[in-house]
Number of protein chains: 2
Amino acid sequence: MSQVYDRVALIGLGLIASSMFWAIKRAGLAGEVTGYARSRATRDTARRIGLCDRVCESAAEAAEGADLVVLCVPVGVMGGVAEEIAPMLRPGATLTDVGSVKRNVIEQVAPHVPEGVHFIPAHPLAGTEHSGPESGFAELFENRWCLLVPVHGSDPEAVARLRAFWEGMGAHAEEMDPDHHDLVLAVTSHAPHLIAYTMVGVADDLRRVTDSEVIKYSAAGFRDFTRIAASDPTMWRDVFLTNKDATLEILGRFTEELFALQRAIRTGDGEQLFDYFTRTRAIRRGIIEAGQDTDAPDFGRGVKKS
Amino acid sequence: MSQVYDRVALIGLGLIASSMFWAIKRAGLAGEVTGYARSRATRDTARRIGLCDRVCESAAEAAEGADLVVLCVPVGVMGGVAEEIAPMLRPGATLTDVGSVKRNVIEQVAPHVPEGVHFIPAHPLAGTEHSGPESGFAELFENRWCLLVPVHGSDPEAVARLRAFWEGMGAHAEEMDPDHHDLVLAVTSHAPHLIAYTMVGVADDLRRVTDSEVIKYSAAGFRDFTRIAASDPTMWRDVFLTNKDATLEILGRFTEELFALQRAIRTGDGEQLFDYFTRTRAIRRGIIEAGQDTDAPDFGRGVKKS
C-alpha cells in the first residue's frame, strides 16, 4: 500500500482515531500523523504509547500544514473544533470527520470550511464498547463499511483519495446522502443502542431482583445488551441529540411493534409470536452470509466445538 | 469425576440435550444415556452422529428404567410428555427438566409425577442462538449457572445428586424459588429476547431502508440483536406464553423508561442521557468481573489487538 496523504492530523484521540493511527502506520498511508486531544491525560497517554508521530498542544497546531484533517471528537463539538482549526487549513487540503451523524455535522462544520478546502464528511461503521486512546487497534476497520457523505460541490478527486485512504485501512467505502445515512444509522445503530441502554437501566432499577442476580445470571441474553450499553456516554448523548428526528421515528415504530407483541403475549396468540420469531431469524442468516458477523455460537465467546 | 446416575434419559434432543450428552460422556457422569426426539429426522441425525448410547422410538421407552429423566422439550409440551412417561418412572427415580420457565412447568408436570418419584425442576442458564441435535457441545455449561427449583417435599438427597450431576457438567448450581426464578429470568432473558426480536422485526419492516442495507451496515450495533433474535422460535413462543405476567411486567417497566429517555431526546436533556449511560456502563463492568462475559472488545469477534 502506498502513501495517500503526506500529513494526516487526527483531532481527538479515542477509539476511532487510535485505531486509524495503527491502521495508517500498518499500511504506510501517510508520511506523518499528528494528533491532538483536549485532555492532558490523553495526550500524555498518547505520547507514552507512541500514538501519533507528534502529539500537539492544540488542534490548530496539529492541523497546520496537514493535507488531511480528521475530526474524531464527539458529534456535539464538531463545529467548535472546525472553527478553531479553520485558519490553519490550506487550500487543497481535505477536512473529514468520523461522526455517527451526518446532517448535523455538516450544518455545524460547513460554515467554517475555508474556500479551496475539500470538506468530505465520513463515518466508519466500526467500534467496540471500549473507548480512549489505548483502546485502538489496526484491525478495527477490516471488512467494515466506511460511508462517505460528500457535500454539494465535493471534488471527485478528493473523494477518491479519501476512499483510497479508508480502503487502505481495510474498510469498504460507499457514498451516501446525509439524510439517508442518518435514517439507516438510526435503524442499525442509534435505536438499538438506546434500547440496550434502556433495558440495562431497567434491570438496574428493579428492587426485587438484586444487582448481583442480574449480573450473575446475565448469560441468559441480558449480557449482550450490556456490551452495547457500555459504549462511551458522551459520544452517545451527542448522537441522540443530533439525530433526534430519525431516532425518535424509529423508536416510535419500535414501540408500536413491541405493543403488538405484548398484546400477542397477553392474549396468548402463539401463532403470531412464532411467525414473528421465524421471520427475524432469516435476517440473522443474511448478516452471516454478508460476512458482517461470525456464525460461531454465542459470537465464539470462548466456547469451542468439541 | 465419577458416575452420578446409572441411566439418564434425555427427552427431546436439541441444543441443551445434545450438549448434556457430550458433557455427561466427557465426565463419565452416567452409565448409559438414552434419548428420544419426536421428529424422525432428529432421531436419525442423533444416530448418525452418535448422540446418545441408545436412541429410542418413544419417550416412554427412553424413560423406562432410568434413574434420571430430563425433559428437554419446549416448555409448552412439558405436561404432555410427563403424562406419557409417568407410567415408566420407577420409585426413587428423579424427574427433572431444563425449561426456561418454572412455575408453569411445575403446574403442568407435578400432577403426573408418581408417588416415590423425585420431581426437581431445573434450568441451566446456557445456550447459543443455534438449535437442534447437531448444535450441542460439551463445554456449553462451563462456568454457567444451573438453577435448581425444588418443589414442596423434594428429597434433599435427590437434590444433592442432581446438583452433583450439573456440577459434573461444569455448571455452578444454585437453588431458587419458582416465582423468583421466573422474575429473574424475565429481567435477564425473556424481556431482552422480546426486545431484540422486536428491534429486528422493525428493521425488517422499514421500507425506506432496504433489507440489504440493514444487513450490510449491521455491525454498528444492530447485529448483536440479531444473534438473540435468531434463537429457536418454538422455544421462545412457549417461554412468553408461560411466563406471561413477569415478562409483561418487565416490558411495562421497560416502556416507561424508554418513554422517559425519548422525552429527554426530544427536549434535548443531555445531562439526563449522559447520567443514564454512565450508570449502565457500571453494570457491564460487574458482569465482566463476575466472569460472565469476556472483556475482549466486541466479544472478541475475530478482532485482534495489534
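User: How are helices H7(B) and H10(B) oriented to each other, and how is such a pair described in general?

Analyst: Two packed helices are described by the angle between their axes and the distance between the axes. In this predicted model, helix H7 (residues 178-205) of chain B and helix H10 (residues 233-242) of chain B pack at an angle of about 120°, with their axes 11 Å apart. H7(B) and H10(B) are therefore oblique to each other, since angles under 35 degrees count as roughly parallel, over 145 as roughly antiparallel, 65 to 115 as roughly perpendicular and the rest as oblique. The axes are lines fitted to C-alpha atoms, for helices over the stretch in contact, and the angles run from 0 to 180 degrees between N-to-C directions. Helices (H or I, at least four residues) and strands (E, at least two) are DSSP runs, numbered from the N terminus.

User: Which residues make the contact of H7(B) with H10(B)?

Analyst: On H7(B) they are B:Ser189, B:His190, B:His193, B:Leu194 and B:Tyr197, and on H10(B) they are B:Trp236, B:Val239 and B:Phe240, where contact means heavy atoms within 4.5 Å. These residues divide into five nonpolar, three polar and no charged; Ala, Val, Leu, Ile, Met, Phe, Trp, Tyr, Cys and Pro count as nonpolar, Asp, Glu, Lys and Arg as charged, and the others, Gly among them, as polar.

User: How are H11(A) and H11(B) oriented to each other?

Analyst: The axes of helix H11 (residues 244-267) of chain A and helix H11 (residues 244-267) of chain B come within 11 Å and cross at roughly 165°, which makes H11(A) roughly antiparallel to H11(B).

User: Is B:Arg43 buried or exposed, and what does B:Arg43 pair with?

Analyst: B:Arg43 is buried, with a relative accessible area of 7%, where buried means under 20% relative accessible area, exposed over 50%, partly exposed in between (1.4 Å probe, protein chains only). The side chain of B:Arg43 meets that of B:Glu57 in a salt bridge (3.2 Å, N to O), and B:Glu57 is partly exposed at 38%.

User: Where do B:Arg163 and B:Glu167 lie?

Analyst: Being four residues apart in helix H6 (residues 156-168) of chain B, they are separated by about one helical turn. B:Arg163 forms a salt bridge with B:Glu167, the closest N and O atoms being 3.7 Å apart.

User: What do the residue numbers and chain letters follow?

Analyst: Residues are numbered from 1 along each chain as its sequence is written, while chains are lettered from A and ligands numbered from 1 in the order in which they are written. Local features need pLDDT of at least 70, side-chain atom pairs count only at pLDDT 80 or more, totals for chains, interfaces and linings use all residues, and side-chain values use heavy atoms, with hydrogens and water left out.

How values were computed. Salt bridge = Lys/Arg side-chain N within 4 Å of Asp/Glu carboxyl O.
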